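This report walks through one protein model.

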Amino acid sequence: MVTLGVVVLPGVPAFAAPADLVIDYTCTSDGNTSSIVRHGAVKLRTNLTFATDLAVGGPLNFAWKLAYTGSDPNRLQSPGYFKAGGLVHATGRIKLEKDWKGILEPQGVSDPADALRPDDELPLPELMNDPGLTNKAGVVKITPQDIELDFTPPDGPVTVNDGDDADNPSDMGIEYSSGWVSLDDRPASEHHVHNDLHETTQNGAFADLTFVGTSVKYIGPTDKDSSPVNVYIDGALVSTIDPSRNADDDPVNDDLDGGKTLYTSPVLDYGQHTIRVQKASADRQMWVDAFEVSTTTAETPTGFHKAKCSIVGTAPSVEVTIGGGTDPTDDPDPTDDPDPTDDPDPNNPDPGNPDPGNNGVGDGDGLTNVVVIPQASNSTSSTPKSTGPTATKYYKAPQVSKTPSGGVETGVAPDAERHPYGLMAGGMALVMGTAGGGLLMRRRRAEHAGGAHS
């Protein structure tokens, strides 16, 4: 499981009194039939922690911890059969008002360690995170909003065996019509999956598998007495195969030579599909061993499995004060001759006024700056936690005299061994508010890019 920890941006003063908001959410499918919320609402309890009293140049880091509510049994669940390597994404929304205006989107990701079957529990990302440096004084009103969850499946195949047992949940396992018998404990020399298979002599008998993916294979034995088999995809007849004949259409002399791929579907649009295999001859036998479901991650639309988490009750708001005059890069004596190294951009000596040649975006270092536009909110909850330690680890620093409502008397100590620029250089910059400045966010690229929200 990938865990994003609290990021301390070193080399700058931090007079931060962290606020720790306890916020409850209810997650629903929001009408999405392919959602990872599959069997009723899922409840989350979250802790949003951030500093509330900063100086210009100090770190403003949103650390948003996610957890299931222990009293509620519902969990996020796998929407299908997948090999190991799927990703669960979480994207939060934080509304900024007053001196800065905009929406920030802290993100987190988790990766289930094992292969998945329908309804297997999915792990939550443990933390959503969005660190940054403040570059303009002011008061910012911070209000958490909705959280969006999504799932990105891994590339590759996974085998679905033929038994209606613990390997196959009832709503997405192989479903057999009447007339089938289970042949268990077959000799290993026959090469069947799990050394078992199903057999029928009844004409018209069929087996169905509903799956989520981009292709499917029908696996069974070749046998000299096998019946032809009709194959349907989503109700349409797509092929008639004959397991009693080989690829050259010559009769085989096999007796239950198992583990053969008897049919492979064309590439399908990613989503839920059903394959049916049906006996097409009255006087012969038919066998079903397994199916193999495959997924191509590149064909998975972003948001296909999404769920929406809404705040329970009324959204809390906390104000952050950004004081001026304490940026370590500022010249403490204005009467001194200016040091040209104090200005990170010699072409724009006044950092409060953006370069008119780039409309207030871009800082000359090759990174992209984006002006984030305010968005309306219909979110509605939470309870500020005013006492007790937080679960978030902070490095020790001198206590501060000002402790906001919902905060604790602690701070974030800078690390004298490092500089903030290495951390800032790895991603995307956001200038919050007007073209004149605001919150300069240096986002690090997500560890897993596939299917992540931008």
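## A serine in a loop

Ser 244 sits in the loop that runs between strand 17 (236-241) and strand 18 (257-264). The model is predicted. Is Ser 244 buried or exposed? Its relative accessible area is 6%. The cut-off for buried is under 20%, so Ser 244 counts as buried.

Two side-chain partners stand out for a closer look. The side chain of Asp 242 makes a polar contact with the side chain of Ser 244 at 2.6 Å. The side chain of Arg 284 also joins that of Ser 244 in a polar contact, at 3.5 Å. Beyond four places in sequence, the contacts of Ser 244 are Asp 223, Lys 224, Ser 226, Asp 250, Pro 251, Val 252 and Arg 284.

Ser 227 belongs to the loop between strand 15 and strand 16. Its relative accessibility is 0%, so Ser 227 counts as buried. Which backbone atom lies 3.1 Å from a polar atom of the Ser 227 side chain? It is the backbone nitrogen of Ser 281.

Setting aside neighbours within four places, Ser 227 touches Pro 243, Lys 279, Ala 280, Ser 281, Arg 284 and Gln 285.

Tyr 232 faces Arg 276 of strand 19.

## Salt bridges across the chain

The count of salt bridges is 13. One of them joins Arg 45 and Asp 24, with the closest N and O atoms 2.7 Å apart. Arg 45 is in strand 2 (residues 42-51) and Asp 24 is in strand 1 (residues 18-28). The two residues are 21 residues apart, and the pair links distant parts of the chain. Arg 45 is partly exposed at 44% relative accessibility. Asp 24 is also partly exposed, at 23%.

Glu 319 and Lys 98 form another salt bridge, at 2.3 Å from N to O. This pair, too, links distant parts of the chain: 221 residues separate Glu 319 in strand 23 (residues 318-323) from Lys 98 in strand 5 (residues 87-98). Glu 319 is partly exposed, with a relative accessibility of 39%. Lys 98 is partly exposed at 42%.

Lys 224 has a relative accessible area of 33% and is partly exposed. Asp 255 has 51% and is exposed. The cut-off for exposed is over 50%.

## The chain as a whole

The secondary structure amounts to 1 helix and 27 strands. The chain has 454 residues, and 49% of them count as buried. Its accessible surface is about 20800 Å². Carbon and sulfur atoms account for 49% of that surface.

## Confidence

What is the mean pLDDT of the protein chain? It is 73, and 65% of the residues reach 70 or more. Residues 325-332 have pLDDT below 50, and this stretch has 14 contacts in the model beyond near neighbours in sequence.

Residues 348-454 also stay under 50. The model shows 228 contacts beyond four places in sequence for that stretch. Where pLDDT is low, predicted coordinates should not be read in detail.

Methods. Residues numbered from 1 in each chain as written. Predicted model: local features only at pLDDT ≥ 70, side-chain atom pairs only at ≥ 80, totals over all residues. Heavy atoms only, no water. pLDDT = per-residue confidence, 0-100. Contact = heavy atoms within 4.5 Å. Helix = DSSP H or I, 4+ residues; strand = E, 2+ residues; numbered from the N terminus. Buried < 20%, exposed > 50% of the residue type's maximum accessible area, 1.4 Å probe, protein only. Polar contact = N/O pair within 3.5 Å; in protein donor to acceptor, adjacent residues only side chain to side chain. Areas by Shrake-Rupley, 256 points an atom, 1.4 Å probe, with all protein chains shown as cover. Salt bridge = Lys/Arg side-chain N within 4 Å of Asp/Glu carboxyl O. Pairing = 2+ DSSP bridges.
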